[in-house]
Every structure is written in structure tokens, then in C-alpha cells.
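Colleague: Please show me the model, and then I will ask what the terms rest on.

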Amino acid sequence: MLYIIDTANIEDIKRLVEFYPIDGVTTNPTIISKEHTDFLALVKKIRKIIGEQRMFHIQVTGETSEKMIYEARKLREYVGGNFYVKIPICEEGLRATMKLKEEGFNVTMTAIFTQQQALIAAKAGADFVAPYVNRLDNIVSDGVSVVTETVEMFEKQKIDCGVLAASFKTVEQIHKVAMAGCQAVTISADLFSTLMYHPMTTKAIYDFGQDWKGVYGDTTIADMFSGK
Ligand code: G3P
């Protein structure tokens with residue numbers, strides 16, 4: 001399962017890319033607008049930090065397929081590397097997706113809330129569909145079920161489209177979509193740290209240190225090798 005960071009915050013991206021096995025970055029207009037900065041300079045900086053190999057998903061803002069296609073062409077040229085254009089699921093978005101696939105674009109169709117939206121996006125050629133798990137849970141629907149059934153449906157129908165689950169608020173949601181065989185998740189910076197936190201792990205690491213120091217004091221293995 002691919003781990004993608006759902007943020008455009010430069011400090012968060014730098015930290016997470018350094019400390020976690022990150023496969024890419026996703027953004028959308030809401031995420032970008034939180035940074036209150038020059039959009040073009042920001043996406044250029046993000047590409048520089050994550051390198052050419054990691055995925056970078058950027059959403060178009062045009063409301064017609066013509067504008068979406070224009071923005072996608074410009075963004076791919078400007079950002080370079082492993083680029084995915086994000087397009088919201090709607091008629092104009094489907095038209096743009098079908099045309100952009102003819103030009104060899106990687107496309108992620110986003111703002112997916114139902115299995116049938118996911119299916120039509122995949123049929124239009126999307127490489128990934130992005131269902132919004134927590135936003136479904138918030139309206140007393142079941143985000144994990146939508147992801148689980150979409151994964152199963154693509155398998156049964158032999159459709160070559162990945163599920164990039166998005167909009168998470170809990171580790172449990174991420175765990176459940178992982179168990180469903182979801183190909184990718186995009187997670188906020190805060191939730192990444194929570195993902196691997198466990199008080200027993202913190203205690204175990206503390207105890208290792210205390211036991212070692214009880215016998216060897218502050219001398220580490222590195223000190224022993226370097227003769228300190
Ligand atoms: O990638 C989509 C995601 O950003 C939506 O998340 O937390 O705004 O529901 P959220």
C-alpha cells in the first residue's frame with residue numbers, strides 16, 4: 001500500500017519525507033489555500049523536496065473540461081516528474097479524463113463518495129479513484145465499506161484502477177482500508193505520527209535505554225567502536 005501525504009505544508013513534507021517511507025504527496029484546492037502563498041512557487045518547492053520519483057497529485061480548478069485539460073497540460077510541464085492530475089468526478093471531469101488519457105496523463109479522479117462513481121471514473125481511464133472515507137462516516141454512511149466494495153469490484157471486473165483512499169481521521173479507518181486491499185492511502189501530517197504511536201513502544205524503548213545505561217553508563221555502541 002502506498003503512503004501518500006495529504007498536505008502542501010513545506011515543513012511537514014520535509015519532515016515526513018525524511019522520517020517516513022513516503023510514496024508521494026496529494027493536494028487539493030482546500031489544502032493549497034491553507035498555505036496562503038504563491039501556488040506555482042509552492043508546487044515547485046514540493047517537487048524539489050520529494051524528488052522526481054515520488055508521485056505528486058495536483059488538482060485542477062477549472063470548471064470546464066477544456067480548462068481542466070489546459071491546466072493539466074501546463075501543470076505536467078511545470079511540475080515534471082511522477083505527476084498525477086487530480087480531477088473531481090463530474091461530467092466535465094470525465095470528459096477531461098478521457099481526453100487526457102489519450103495524451104498519456106496519469107489521472108486521479110477525486111471527491112468519490114460511491115462505488116458507482118468509482119466505477120465510471122475507472123471506465124473513463126482513471127489510474128486512481130479517491131474515495132473520501134471520513135466525510136462519508138461524518139454523514140452516518142460507511143467510508144470503509146465504500147473503499148472495500150470498490151477494491152472488490154475492480155478485482156471482480158478485472159479493472160486496472162487503484163483505490164487511493166482519502167479523508168481519514170482515525171488510525172482504525174486506515175487499518176480497515178489496508179485490510180481491504182486498498183492500493184494507496186493519503187494521510188494528513190498529524191495522523192502519520194499517530195499511525196505508529198503506541199505507549200508500550202515508547203515504554204519499551206525507554207526500558208532498553210535504562211537497562212543499557214545500568215551497565216554501560218552513557219557509553220554507546222558507537223562510542224565503543226570509535227574507542228571513546
Ligand atoms: O484528499 C482528500 C482529502 O484532503 C479530504 O480530506 O480531511 O478534508 O475530509 P478531509
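Modeller: Threonine 108 lies in strand β5 (residues 106-112), a strand being a DSSP run of E with at least two residues, numbered from the N terminus. This is a predicted model, where local features need pLDDT of at least 70, side-chain atom pairs count only at pLDDT 80 or more, and totals for chains, interfaces and linings use all residues. Residues are numbered from 1 along each chain as its sequence is written, and side-chain values use heavy atoms, with hydrogens and water left out.

Colleague: Why is threonine 108 called buried?

Modeller: Its relative accessible area is 0%. Buried means under 20% (1.4 Å probe, protein chains only), so threonine 108 is buried.

Colleague: What makes the pair of threonine 108 and histidine 57 a polar contact?

Modeller: Their side chains are joined at 2.9 Å. The term asks for a pair of N or O atoms within 3.5 Å; within protein, one must be able to donate a hydrogen and the other to accept it, and residues adjacent in sequence count only if both atoms are side-chain atoms.

Colleague: Which distances separate polar side-chain atoms of aspartate 6 and asparagine 28 from an oxygen atom of the ligand?

Modeller: For aspartate 6 the distance is 2.7 Å, and for asparagine 28 it is 3.2 Å. An N or O atom in the side chain of arginine 135 is 2.7 Å from a ligand oxygen atom.

Colleague: Which residues surround the ligand?

Modeller: Among them are Ile31, Lys86 and Tyr132; to be near, a residue needs a heavy atom within 4 Å.

Note on methods
Helix = DSSP H or I, 4+ residues; strand = E, 2+ residues; numbered from the N terminus. Buried < 20%, exposed > 50% of the residue type's maximum accessible area, 1.4 Å probe, protein only.
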